[in-house]
Amino acid sequence: MRDQSATASSDFVKPDFAAVQKEAGTVDARAALALPVGQELAAGRPAVALALWQDRTISTGELIAAAEARCAAREPRLHTFVPLYTTNHCDSECKMCSMRKGNTRMERKFSGRNEILEQLDILYTHEGIRGVGFLTGEYQDKYTRLSTAFRIGWAMRQALDMGFERIYFNIGSMEPDEINVLGEWIRPAEPVTMCVFQESYDRETYKRFMGRTPQEVPKADFDRRVVSFDRWLDAGFRYVNPGVLVGLHDDLAAELVDLVAHGAHLHARGAVVDLSLPRMRPANASRDTTRVTDDDYLRMLAVVAFTCPEQRLVLTTREPQEFQDKAVGLAGVFSPGSPDVAPYRADTEAQNDANTSQFLVADLRRPRHILSRLQANGMRVDHFVDPASLATVPIS
């Protein structure tokens, strides 16, 4: 992160891992695990998380059970949103991403007004979805950045006015003038969540995958990206969703510490925080692979869910149904859908074409089928109304 001397006091500063490691050595991990729901140790959350991760006398199963008990106290237990990619044009060159500018195999697409409204209608009417996330690439030119902020702000307003109850958006890092343009369409009290995944908090890994200089490669600006949430909060908004791409950086413990620290910082500023830990999935013309085992991944999710009980983990259909069933008790947000542009159809599953999608998902069942199955298993899902329960809505 930026040096503290060069940063506003409210900005996030990455913790010193050696200091966190030292503090973690004083944490009794089993005592932390035995605490009643609602109680925490005096140690900092990053240190507690690191102690739980490293103490292998505690099984992953024990961690999951303890974390699920804490998560069960939240209301609502689970809510949902579905991603809606409005374009796959991008000026960045992230090596693990199909949308990178230099990927000549990508067929570029862009959704105009009518297509965005049509997609929203399909999600609302045919899928019963009341939460949506708008996504684009990230752009270098200031005019394009401001235009994108205006366009996504408009799309948010349309969704809210249609009756969508929760909005997420992921359009890259944002500066104050870009936030102001987007903010002309929404009110600070409305449930609109900024998603700006850091991908990796390790600077060298970040440079290796996102680029070493921000000239012509906007996502290469590590500092602008990591303080975007602080700029969002400075403007009066409350909802944020930081994240790491699990498997991008080899040191999972370091990523865990930094993500928990970032969430704690934002929570201390009064933010409503969701946390994302997506696992790498195959992408077009890239060497992206899933390198983290199921057990390590589940352990990481359980540690974060236990340590940050008021911060909801986002689980997506990047993972297959079998893994979803193992992890859904740790999640606070379940997000089914496709990373293709305008992929939803009224009468069939979503498209996930390798030539137009950011990556390939493991589960392309229709959102209403996935979410209704969760409800049938006894889990209430907010921001979803099963169309099968509405006799007046035609079911395709």
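Modeller: A nonpolar core is a set of buried Ala, Val, Leu, Ile, Met, Phe, Trp, Tyr and Cys residues joined through side-chain atoms within 4.5 Å. Please keep in mind throughout that this is a predicted model.

Biologist: With that definition in hand, which residues have the most contacts inside the largest nonpolar core?

Modeller: The largest nonpolar core has 118 residues, and those with the most contacts inside it are Phe134, Phe169, Leu182, Trp232 and Leu277. The largest share of this core, 9 residues, comes from helix α12, which spans residues 294–307. Another core, of 6 residues, lies apart from it and includes Cys195, Phe197, Val314 and Val333.

Biologist: What does Leu182 touch, leaving aside residues up to four places away in sequence?

Modeller: Leu182 touches Ala149, Ile152, Gly153, Met156, Phe169, Ile171, Met174 and Trp232. As to its helix, the general idea is that an α-helix has 3.6 residues a turn, so residues three or four places apart point the same way. In α7, the buried residues are Glu178, Ile179, Val181, Leu182 and Gly183, and the buried residues of this helix pack against α6 (142–162), β4, β5 (192–195) and α10 (228–234).

Biologist: Turning to the sheet, in what order do the strands stand, and is the pairing parallel or antiparallel?

Modeller: In general, strands of a sheet pair through backbone hydrogen bonds, either parallel or antiparallel. Here 9 strands form an open sheet in the order β1-β9-β8-β7-β6-β5-β4-β3-β2, with parallel pairing. Because β1 (79–80) and β2 (82–85) stand at the edges with a single partner strand each, one side of each is left without a neighbour in the sheet. Further along, 2 bridges join strand β6 (residues 239–241) to strand β7 (residues 272–276) in the parallel sense, and Tyr239 has Val272 as its bridge partner in β7.

Biologist: Which residues of β2 are buried on one side, and which on the other?

Modeller: The general idea is that in a regular strand the side chains alternate between the two faces of the sheet. Both faces of β2 are covered, with Val82 and Leu84 buried on one side and Pro83 and Tyr85 buried on the other. The pairing of β2 with β3 is parallel and runs over 4 bridges, and Leu84 has Phe134 as its bridge partner in β3. From β2 the chain passes through α5 to β3, making a β-α-β crossover that is right-handed. Helix α5 (residues 113–126) lies across β2 and β3 (131–135), at about 150 degrees to β3.

Biologist: How many salt bridges does a search of the whole structure find, and how should I read one?

Modeller: Side chains of opposite charge can pair when their charged atoms come close. A search of the whole structure finds 32 salt bridges. One of them joins the side chains of Glu175 and Arg224, at 3.2 Å from N to O. This pair links distant parts of the chain, since Glu175 is in the loop between β4 (166–170) and α7 (176–183), whereas Arg224 is in helix α9 (residues 222–226), 49 residues apart. Glu175 is partly exposed, at 25% relative accessible area, while Arg224 is buried, at 14%. Both also belong to a network of salt bridges that links Glu138, Lys142, Arg145, Glu175, Asp177, Glu178, Asp221, Arg224 and Arg225.

Key. Residues numbered from 1 in each chain as written. Predicted model: local features only at pLDDT ≥ 70, side-chain atom pairs only at ≥ 80, totals over all residues. Heavy atoms only, no water. Salt bridge = Lys/Arg side-chain N within 4 Å of Asp/Glu carboxyl O. Buried < 20%, exposed > 50% of the residue type's maximum accessible area, 1.4 Å probe, protein only. Pairing = 2+ DSSP bridges. Contact = heavy atoms within 4.5 Å. Axes fitted to C-alpha atoms, helices over the stretch in contact; angles between N-to-C directions. Right-handed = clockwise from strand over helix to strand, strands pointing away.
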